Amino acid sequence: MMRNLYCFIALLFLSYSAVAQSADTARKDTSKHMIFLDAPSKNTSKPLYVIDGVIFKDHVKEIDPLDIVKIDVLKGPQAKSIYGSRGANGVIVITTRQFVINKCHKKFVAFSKSYSDYLRTHENKDGDFNYILNGFPLAGTPDEIIEKLHEVSSEDIISVTFLDKNKNPELVKSALIITAIKQ
């Protein structure tokens, strides 16, 4: 009877060991596939992110999609020529509304003291203006207008004239008149 008990225990260990080994082998095979599919490789093709001129190395901060004015994707030689080896996997350049507005303010304030004074007294708010570029009113959504103003190079600006509706009652809206020529 003791012999039967030893045989039973030995058989139990052997069968448990065989089941555990086959389960372990199956698990290893599965994990190999999971590692192959899910593990980050050394040759990741993560692009470089540049937000408002700042390179983000680790992760991209959360940006409200409504605050994005423009997204550019740079690839291949163009990305490498601008960002070097960091741009080898491509570059995603995100430009936000506030960044563009601040750059436009800075650009136009340099040409018009009255515009500068207006911004200072009105908390940098100029969204309800009529914008006139080279004699033509800018039309479109606020983002389209901001982008058009952003594209005007400081070197191309000849003059900026600001007409404040509070000082010129015949105006329906305040106007920012920009005279620029393409070189």
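## Confidence of the model

Among the elements of the protein, mean pLDDT is lowest for helix 1 (residues 2-38), at 46, and highest for strand 1, at 92. The structure is a predicted model, and its average pLDDT is 75, with 72% of the residues scoring at least 70.

Residues 16-41 form a stretch in which pLDDT stays under 50. For this stretch, the model has one contact beyond four places in sequence.

An open sheet is formed by four strands in the order 2-1-4-3, and its pairing is mixed. Strand 2 (54-56) and strand 3 (68-74) are the edge strands, each of them pairing on one side only. On average, neighbouring strands of this sheet are turned by 20° against each other, direction ignored.

Six bridges join strand 3 to strand 4 (residues 91-96), and the two strands pair in the antiparallel sense. Within strand 4, isoleucine 92 stands opposite valine 73.

## Helices against this sheet

Helix 2 (residues 76-83) packs on the sheet and touches strand 1 (48-51), strand 2, strand 3 and strand 4. The direction of helix 2 makes about 105° with that of strand 3. Helix 3 (residues 97-109) lies across strand 3 and strand 4, and runs at about 65° to strand 4.

Strand 5 (residues 130-133) pairs with strand 6 in the antiparallel sense over two bridges. Phenylalanine 136, in strand 6, is the bridge partner of leucine 133.

## Nonpolar cores

The largest nonpolar core comprises 20 residues. Those with the most contacts inside this core are Phe108, Tyr115, Phe129, Tyr131, Leu149, Leu176 and Ile178. At least two residues of the core are supplied by each of helix 3, helix 4 (113-121), strand 5, helix 5 (142-151), strand 7 and strand 8 (175-180).

Leucine 176 illustrates the contacts of one of these residues. Not counting residues up to four places away in sequence, leucine 176 touches Phe108, Tyr115, Phe129, Asn130, Tyr131, Ile132, Val160, Thr161 and Phe162. Another core, of seven residues, lies apart from the largest one, and Leu48, Val50, Ala79 and Val91 are among its members.

Methods:
Residues are numbered from 1 along each chain as its sequence is written. This is a predicted model: local features need pLDDT of at least 70, side-chain atom pairs count only at pLDDT 80 or more; totals for chains, interfaces and linings use all residues. Side-chain values use heavy atoms; hydrogens and water are left out. Two strands pair if DSSP finds at least two bridges between them. Axes are lines fitted to C-alpha atoms, for helices over the stretch in contact, and angles run from 0 to 180 degrees between N-to-C directions. Contact means heavy atoms within 4.5 Å. pLDDT is the predictor's confidence in each residue, from 0 to 100. A nonpolar core is a set of buried Ala, Val, Leu, Ile, Met, Phe, Trp, Tyr and Cys residues joined through side-chain atoms within 4.5 Å. Buried means under 20% relative accessible area, exposed over 50%, partly exposed in between (1.4 Å probe, protein chains only).
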